[in-house]
Amino acid sequence: MDRFVKGVAGVTFALLMVIFVNAYIGARAGHDLGGLDDRVETIAIGTRKLEPRPVLELPGDSEVGAFTVAALGMGMIIGYTWRKLFVEPGEHS
């Protein structure tokens, strides 16, 4: 990995940690962090009679924020690497 990829991965990881820590603090403080996902899940459970099994459970909109930050960081890394792999040597844009 070169310096750019390590930098983007580090910033992405730091932002994810901020989201996780804020979600943890909010949940421990006893605040209602429910979001739209909880309401949709409740409706889905009522109509299908299934028990939900989350892969990663974060309160409120923290999960959406975490996946957004992770996707942004990975998109930057993949885009940068793609360009390095498929640009002709000597070709600059």
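Guide: What follows goes from the overall fold to the first helix and then along its contacts.

The model is a predicted one. The protein contains 3 helices and 0 strands, and along the sequence the pattern reads α-α-α. Of its 93 residues, 16% count as buried. The accessible surface comes to about 7600 Å², and 65% of that area belongs to carbon and sulfur atoms. Among contacts between residues at least 6 apart in sequence, 78% join residues at least 24 apart.

Helix H1 has 26 residues, covering residues 3-28. From its first C-alpha to its last, H1 reaches 37 Å, close to the 38 Å expected at 1.5 Å a residue. Just after H1, Gly-30 takes a positive phi of about 85 degrees.

The buried residues in H1 are Val-5, Val-8, Thr-12, Leu-16, Ile-19, Ala-23 and Gly-26. What these buried residues pack against is H3, the helix of residues 62-86.

Thr-12 lies in H1 and counts as buried because its relative accessibility is 13%, with the cut-off for buried set at under 20%. Leaving aside neighbours within four places in sequence, Thr-12 is in contact with Val-69, Ala-70 and Gly-73.

A second example can be read from the H3 side. Ser-62 lies in helix H3, and with a relative accessibility of 17% Ser-62 also counts as buried. Not counting residues up to four places away in sequence, Ser-62 touches Ile-19 and Ala-23. Both Ile-19 and Ala-23 are listed among the buried residues of H1.

Ala-9 is another residue of H1. Its relative accessible area is 30%, so Ala-9 is partly exposed. Ala-9 and Ile-77 are 68 residues apart in sequence, while their C-alpha atoms are 7.7 Å apart in space.

Next come the aromatic residues. The structure holds 1 aromatic pair. Phe-4 and Tyr-80 form this pair, with 4.3 Å from centre to centre and 40 degrees between the planes, and the arrangement is tilted. The pair links distant parts of the chain, since Phe-4 is in helix H1 and Tyr-80 is in helix H3, 76 residues apart.

Together with Leu-72 and Met-76, Phe-4 makes a nonpolar surface patch of about 280 Å². Met-76 is found in helix H3 and counts as partly exposed because its relative accessibility is 39%.

To return to the request, the buried residues of H1 pack against H3.

Definitions and conventions: Residues are numbered from 1 along each chain as its sequence is written. This is a predicted model: local features need pLDDT of at least 70, side-chain atom pairs count only at pLDDT 80 or more; totals for chains, interfaces and linings use all residues. Side-chain values use heavy atoms; hydrogens and water are left out. Helices (H or I, at least four residues) and strands (E, at least two) are DSSP runs, numbered from the N terminus. Buried means under 20% relative accessible area, exposed over 50%, partly exposed in between (1.4 Å probe, protein chains only). Contact means heavy atoms within 4.5 Å. Patches are made of residues with over 30% relative accessible area and no salt bridge: like charges are joined within 9 Å, nonpolar side chains (Val, Leu, Ile, Met, Phe, Trp, Tyr) within 5 Å. Accessible areas come from the Shrake-Rupley method with a 1.4 Å probe; for residues, only the protein chains shown count as cover. A salt bridge is a side-chain nitrogen of Lys or Arg within 4 Å of a carboxyl oxygen of Asp or Glu. Rings of Phe, Tyr and Trp (its six-membered ring) pair if their centres lie within 6.5 Å; planes under 30 degrees apart count as stacked, over 60 as edge-to-face and the rest as tilted. The expected span of a helix is 1.5 Å times one less than its number of residues.
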